[in-house]
Amino acid sequence: MGFLLWIIAVALVIYGIITLFNGSVLLGVLLIIVGLAVGPGGWSIFNRRGTRA
């Protein structure tokens with residue numbers, strides 16, 4: 001499950017960076033933030049509060 005979340009997070013961040021270069025700043029930043037939220041490392045919306053891996 002963690003590997004799948006990592007792949008989704010990387011795809012979202014890369015797509016967000018490409019979107020930034022294409023001129024849509026708001027959508028690009030939003031995709032990068034969502035990618036960071038979904039990713040299993042660091043800050044994740046799927047981790048419970050107070051538990052760290």
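Visitor: Where is Ile14 found?
Guide: Ile14 is found in helix 1, which spans residues 2–21, helices being DSSP runs of H or I with at least four residues, numbered from the N terminus. This is a predicted model, in which local features need pLDDT of at least 70 and side-chain atom pairs count only at pLDDT 80 or more, while totals for chains, interfaces and linings use all residues. Residues are numbered from 1 along each chain as its sequence is written, and side-chain values use heavy atoms, with hydrogens and water left out.

Visitor: Is Ile14 buried, partly exposed or exposed?
Guide: Ile14 counts as partly exposed because its relative accessibility is 46%; buried means under 20% relative accessible area, exposed over 50%, and partly exposed in between, with a 1.4 Å probe and protein chains only.

Visitor: Switching topic, how many aromatic pairs does the structure hold?
Guide: The structure holds one aromatic pair. Phe3 and Trp6 form that pair, which is stacked, at 6.2 Å centre to centre and 20° between the planes; rings of Phe, Tyr and Trp (its six-membered ring) pair if their centres lie within 6.5 Å, and planes under 30 degrees apart count as stacked, over 60 as edge-to-face and the rest as tilted.

Visitor: Why are Phe3 and Trp6 separated by about one helical turn?
Guide: Because they are three residues apart in helix 1.

Visitor: And what does Ile32 touch?
Guide: Ile32, which lies in helix 2 (residues 25–38), touches Val13, Gly16, Ile17 and Leu20, not counting residues up to four places away in sequence, where contact means heavy atoms within 4.5 Å.

Note on methods
Helix = DSSP H or I, 4+ residues; strand = E, 2+ residues; numbered from the N terminus.
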